[in-house]
Amino acid sequence: MKYLIVSTTSKSVVSFRASLIKKLIAKGETVLVCANDSEREGEITGWGAKFVSLDYSNRSLSLLRTIKYRNKLSMIISQYMPSYILTFQAKPNTIGVLAAKKYIKNNKCTIVSVVEGVGDPFINSSLKWIFIKTILIYLYRRAFKFVNKAFFLNEDDSQLFLKLKIAKINQINHMNGIGIELNKYICSPLPNSFSVGYACRLLKTKGVFDYCEIARKCRRVDQSIRFYLAGAEANIKVEELRDYIDSKDIIYVGEINDMVDFYRNISVFCMTSYREGFPVTIMEAASSARSCIAYNVPGCRNAVINDRTGYIIERRDINSFVEKIIYLKRHSDILTNLSINARRYAEENFDSHSIQSKFLENICQSKKR
């Protein structure tokens, strides 16, 4: 069988698609990966996959560049003639599927789209984002006419797609996140000094400023607590966090490629994002035996079991967030139990090999067109 995997950046392929691609290749399947850049091409081809760069920005709103992206991908699909097309994230799930429209109509091909979250257009309420959301809904409705199966990481997102008449009930499937390689993350003892960490792209919708305020309020109660923030600049620049950094309320460590040491050196992981698909960072933290405190929002509430692997706090309830952190600082026995439970839960639910095996078994049962 030939599999075509259409994703966004080559970095996202390495970070989130490695288990899937390696499993397909181990089964003797032929895999072609299409990504927007060639930065990590060497790693991907090293697994035994073929690779094509589409030279396109995932956040570009240019109509001309979008048409070029669709046309180039359409040509690749016609030449490669895949048995399965797997698309991930918004642009591949819309423009990528529409690029395959003629091929799907004329050939026996199964197309599977994985919705890993709905992103900024469904969180922000400015006129710009309302316009983008309107266009995106239109594209999703057109594209999903050709999708055999759509996989969602949480029920909030699937219900939203049903409500917006994008997906039909017989298309919808669920998976417990994309999973992680459990053996990569070390189940290490809690550090001697209590510290908190958060890792994300510096976006307003990731609740970065919320996290900074939580850190400031906590340190007014207990100056010994350290708050680490990791992640690359996005619509928030580091200079906008300068006041928090200079006052030592947060310690900004920049973008980190290998998160293992980050989790090892913190006591608790925080997630102040306003909406997620199913956060990889929470899975990684749990696998590292670190409990998590997160907002009660789609995705996050699916990844944290309240009072068992961490705590769920109502969105933007900063004071309650602070109270839980201080509580765990003062009750090391409870923190230890949550940490042990987090690792056990990760072992039972977040193993990428198990998740990807079920995913492939499911899509192979899809009815071909």
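On a 1 Å grid over the protein atoms alone, a cavity is a set of points where a 1.4 Å probe fits but cannot get out, and lining residues have an atom within 4 Å of a point. Grid points are joined across faces, edges and corners, and a volume is the space filled by probe spheres set on the points. The model shown is predicted, so that local features need pLDDT of at least 70 and side-chain atom pairs count only at pLDDT 80 or more, whereas totals for chains, interfaces and linings use all residues. Residues are numbered from 1 along each chain as its sequence is written, and side-chain values use heavy atoms, with hydrogens and water left out.

**View A. The second largest cavity, with about 40 Å³ of space.** The structure holds 2 cavities of 30 Å³ or more. The lining of the second largest cavity consists of Ile282, Ala286, Arg290, Cys292, Ala303, Val304, Thr309, Ala342, Tyr345 and Phe350. By class, the lining has 8 nonpolar, 1 polar and 1 charged residues, where Ala, Val, Leu, Ile, Met, Phe, Trp, Tyr, Cys and Pro count as nonpolar, Asp, Glu, Lys and Arg as charged, and the others, Gly among them, as polar.

**View B. The largest cavity, with a volume of about 50 Å³.** This cavity is lined by Phe16, Arg17, Leu20, Phe88, Val114, Met175, Ile178, Gln356 and Phe359, which divide by class into 7 nonpolar, 1 polar and 1 charged residues.

**View C. The crossing of helix α2 (residues 18–26) and helix α16 (residues 352–364).** The two axes, lines fitted to C-alpha atoms over the stretch in contact, with angles running from 0 to 180 degrees between N-to-C directions, come within 10 Å and cross at roughly 60 degrees. The contact (heavy atoms within 4.5 Å) is made by Ser19, Leu20, Lys23 and Leu24 of α2 together with Ser352, His353, Gln356, Ser357, Phe359 and Leu360 of α16. By class, 4 nonpolar, 5 polar and 1 charged residues take part in the contact of α2 with α16.

**View D. The second largest pocket, with a volume of about 230 Å³.** Of the 14 residues that line this pocket, the closest to its centre are Met175, Asn176, Ser354, Ile355 and Lys358; a pocket is an open set of points with protein on both sides within 12 Å along at least five of seven lines. The largest share of the lining, 5 residues, comes from α16, and the lining residues divide into 5 nonpolar, 5 polar and 4 charged.

Terms used:
Helices (H or I, at least four residues) and strands (E, at least two) are DSSP runs, numbered from the N terminus.
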